[in-house]
Amino acid sequence: MTTPGPLLVVGDALLDHDLTGRAERLAPDAPVPVVSGVRRTSRPGGAALAACLAALDGRPVTLVTALGDDPASDTLRRLLAGRVRLVRLPLRGELSSKTRVLAQGRPLLRLDDGDGRALHATDEAREAVNAAGAVLVADYGRGTADTLREALTWAAARVPLVWDPHPRGAPPVPGARVVTPSASEARAFAARLDGAREPAAGSELRTGAHDAAALVAAWRAAAVTVTLGGRGALLSHGGTPLMVPSPVTSEGDACGAGDRFAATAAGLLADGELTENAVRAAVHAATRYVMEGGVRSLGTGVLPDEEAPRAAGHEPDDDAVRTADRVRAAGGTVVAAGGCFDLLHAGHVALLQAARRAGDCLIVCVNSDTSVRRRKGGGRPLVPVADRIRVLRALECVDAVAVFEEDTPERLLGELRPHIWAKGGDYARTPMPEASLVASWGGQVVLFPYLDGRSTTGIARRAALSPRPAGLARTAAPGRTRR
């Protein structure tokens with residue numbers, strides 16, 4: 001596997017706190033929720049969160065940010081130790097911090113403290129920018145990017161630079177490879193432009209396309225990507241935009257999803273990926289980040305995907321194991337099912353849908369191409385494993401897919417340790433060597449009804465015997481010259 005390239009993150013670090021509890025009644029003296037059983041957690045925020053997420057992708061990360069001698073800065077330094085290399089700028093005032101109050105996982109209130117701003121650049125910071133092979137600017141409007149604007153302008157002319165803008169910050173430097181505003185931020189930025197016209201009434205996509213094209217020209221950026229929350233992102237180079245949809249509809253805590261998006265895109269550009277591929281992977285990574293709990297599950301926010309480049313250091317098996325661990329830790333039931341899934345048909349779908357209803361996640365274990373050939377013969381699989389994975393992941397009932405090279409999935413099952421190993425009802429009289437393994441950790445093999453008359457072999461045979469269209473019948477045989 002290619003070693004992921006280093007990334008420089010420049011921006012304003014924050015310290016974030018969550019106060020999480022239960023709200024089951026209103027206060028007697030005012031109609032406000034009473035939050036009880038409160039648990040407090042602290043974590044890096046702002047540019048510091050973006051840097052940590054990039055580091056979790058397995059790449060070396062340097063963070064240039066402003067920190068002071070206040071308690072919040074001291075706490076953040078401890079949280080960053082061992083994760084990223086820190087290049088500190090002087091801070092005037094106290095480090096900004098955000099405190100969210102949540103009940104049953106939903107935010108009720110946010111408290112903001114600290115008004116610190118970066119004072120000035122340092123020689124060490126300028127040298128870090130000048131030496132960088134790729135840069136992510138995570139601007140939170142507190143001055144860090146402003147102090148290094150000249151160096152960042154020079155960097156944008158020679159290396160990939162992604163700029164995640166803030167409404168209170170300055171515009172990105174000219175030449176940025178990608179700028180990543182949200183839809184509301186893009187609307188606000190576009191409205192400030194001299195002579196910018198309000199787009200005609202229309203959909204969010206139409207407005208986003210209008211705003212992105214205007215910002216590409218105004219900012220002299222190579223591309224602007226407008227993020228659309230759970231819908232995906234709109235990538236514009238100034239003309240007709242490319243819509244990159246989210247792979248699934250996800251609901252959850254979206255705090256930090258923009259940082260996950262920007263960190264993934266910048267990292268893949270650092271690895272030499274094309275902008276379109278980096279944005280596609282970033283949409284998938286942000287979706288998975290939200291699905292897995294957002295900042296509360298910091299460290300599990302990468303979406304490998306066969307269609308888009310994967311963030312280095314994460315293979316499909318890792319994704320499946322993380323999914324199983326997350327569901328198990330939350331007290332849920334892990335279900336796994338396995339097979340070749342060559343020419344996915346209604347029988348497969350019925351089995352997978354039934355299996356998913358039996359638990360809280362479904363992980364599909366798929367035979368590799370070489371494993372299928374050993375079992376089925378030289379003419380199989382009909383569909384290569386990358387395409388089989390992509391089709392399976394498109395099913396709403398499938399949470400993760402993992403591939404095994406062996407004839408049977410025992411090794412993979414030992415890593416996943418599912419509570420339920422799902423098999424089709426046609427296995428009722430067939431010995432299953434994995435049954436004793438599943439039972440060894442308290443799991444259970446469960447048979448599910450299988451639709452009769454559906455099989456990959458039967459479909460392939462009928463396709464081979466079907467009459468050829470007249471146009472194909474007149475096609476010259478291989479090796480013969482058509483006149």
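The legends below walk through close-up views of a predicted model.

**View 1. A mixed sheet of four strands.** Here you can follow an open sheet in the order E3-E2-E6-E7, in which the pairing is mixed. At the edges stand strand E3 (33-46) and E7; each has a single partner strand, so one side of each is left without a neighbour in the sheet. On average, neighbouring strands of this sheet are turned by 20° against each other, direction ignored.

**View 2. The pairing of E2 with E3, and the helix that packs there.** Strand E2 (residues 13-26) pairs with E3 in the antiparallel sense, and 12 bridges link the two. To find your place, look for Leu 26, which stands opposite Pro 33 in E3. Helix H2 packs on the sheet and touches both E2 and E3. The direction of H2 makes about 100° with that of E2.

**View 3. Arg 78 on helix H2.** Now step along helix H2, which spans residues 71-80, until you reach Arg 78. This arginine counts as exposed because its relative accessibility is 60%, where exposed means over 50%. While you are here, look across to Pro 44: Arg 78 and Pro 44 are 34 residues apart in sequence, and their C-alpha atoms are 9.9 Å apart in space.

View 4. Leu 111 is found in strand E7, which covers residues 106-113. With a relative accessibility of 42%, Leu 111 counts as partly exposed.

**View 5. A parallel sheet of five strands.** This open sheet has the order E17-E16-E15-E18-E19, and its pairing is parallel. Its edge strands are strand E17 (400-404) and strand E19 (444-448), each pairing on one side only. From one strand to the next, the twist averages 30°.

**View 6. E15 beside E16, with helix H13 across the sheet.** Strands E15 (residues 334-339) and E16 (residues 361-367) run parallel and are joined by six bridges. A handy landmark is Val 334, whose bridge partner in E16 is Cys 361. Helix H13 (residues 385-393) lies across E16 and E17. Relative to E16, helix H13 runs at about 165°.

Key: Residues are numbered from 1 along each chain as its sequence is written. This is a predicted model: local features need pLDDT of at least 70, side-chain atom pairs count only at pLDDT 80 or more; totals for chains, interfaces and linings use all residues. Side-chain values use heavy atoms; hydrogens and water are left out. Buried means under 20% relative accessible area, exposed over 50%, partly exposed in between (1.4 Å probe, protein chains only). Two strands pair if DSSP finds at least two bridges between them. Axes are lines fitted to C-alpha atoms, for helices over the stretch in contact, and angles run from 0 to 180 degrees between N-to-C directions. Contact means heavy atoms within 4.5 Å.
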